[in-house]
Amino acid sequence: MSSSLKIVGKYLDQPILVEKLRKAVPIGLSACAAVYTLDKTVQAPTSEKKKKAFIRNGLILGATIASALAAPRIATAITGKKAVTPFKELVRENTKLIDEFVRKNQTGNEVGRILQKAKSKVLAPKEILTLTGELKGKDSKEFLDKLIPPPENVSSKDIFSEIGWLSIVGAIPVVGGVIGGIAADKATGANWRKRLPDKIKEGSYQYLANIFLCNVGAGAALGILEKNNIQSRMARGLGMIAGIILTGVIGGSKIANYIGDKFINPVLCNERYPKGKKHKHHDERTPELIDIGLHTDDIATVSLLSGLKWIEPALPILYTVSGYRAGIGYRNHRDKA
């Protein structure tokens, strides 16, 4: 990896920057949801439909975003993963670390200024370059690695823990979207029971094809690479992407459709799926361009399993899309919202 990429990586993985990104996500998500809801409302042709569009999208997005933001904390509590360090605690840790280093080592005026800034603020890439260039030796390297911890490849023993955490984080917004969709149907007078199968099938499609099986594929590939003692970050990344393509992109939609046809339709039968009749093949959900776009969260999975910490705060944004589509019961252009 070139020195410039290392500096960019150090910049993005600053704990204070990651925490600031985490705090910015709720505001950004809420703003996007408000704009999207307004756009859907304006596009509706009549005042009555405008009202229903506003209620539907507001409730579905509200439930999805709330659950997506809560998902990392819930997943952390379930899996026992180390909790996120609050901003104030980060400042205290940085202050103690920097004061101790400065007391034991002589630093120039510019380095001293940058270190004082690093106690509570995000450093610019140029400032990080200055620190790495000026602070040499084993003690200085250990200090810099404590100030901005380097990416660590997830080991084979940690794979399933990380995959479990990611899968829970992805499942909660999908469930939240379905709950929001039911609430929206009730609030707008729609037949929520009739529309429920599509929500559950879309939810299972989103979760299996776009989230869970992709995580499993990445984890399986990572386990194989670990077993063969392959430590190259590029090789691990490419291997995980291959695992994602094989299990999620190719196999995920087929598995999700099979579950929908064999299990969800018979259990949640209604006018469209009466008991005793064969369910039509054309009801299967086929992959679309936006589904391929949703696999950007798989890149996040690969990055997170490769030790890049700045990806984690963005996960609620990526999984909100899946939750929303589950909430509207999207089935190949039969958009109910």
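Q: Setting aside neighbours within four places in sequence, what does Leu123 touch?
A: Leu123 is in contact with Tyr11, Gln14, Ile114, Lys117, Ala118, Ile128 and Leu131; contact means heavy atoms within 4.5 Å.

Q: What am I looking at, and how are residues numbered?
A: It's a predicted model, where local features need pLDDT of at least 70, side-chain atom pairs count only at pLDDT 80 or more, and totals for chains, interfaces and linings use all residues. Residues are numbered from 1 along each chain as its sequence is written, and side-chain values use heavy atoms, leaving out hydrogens and water.

Q: How many residues are in the largest nonpolar core?
A: 16, and Leu123 is among those with the most contacts inside it, as are Ile98 and Phe143. A nonpolar core is a set of buried Ala, Val, Leu, Ile, Met, Phe, Trp, Tyr and Cys residues joined through side-chain atoms within 4.5 Å. Buried means under 20% relative accessible area, exposed over 50%, partly exposed in between (1.4 Å probe, protein chains only).

Q: Which helix gives the largest share of this core?
A: Helix 5, with 4 residues. Helices are DSSP runs of H or I, at least four residues, numbered from the N terminus.

Q: Switching to helix 4: is Lys96 buried or exposed?
A: Lys96, in helix 4 (residues 87–104), is exposed, because its relative accessible area is 62%.

Conventions: Helix = DSSP H or I, 4+ residues; strand = E, 2+ residues; numbered from the N terminus.
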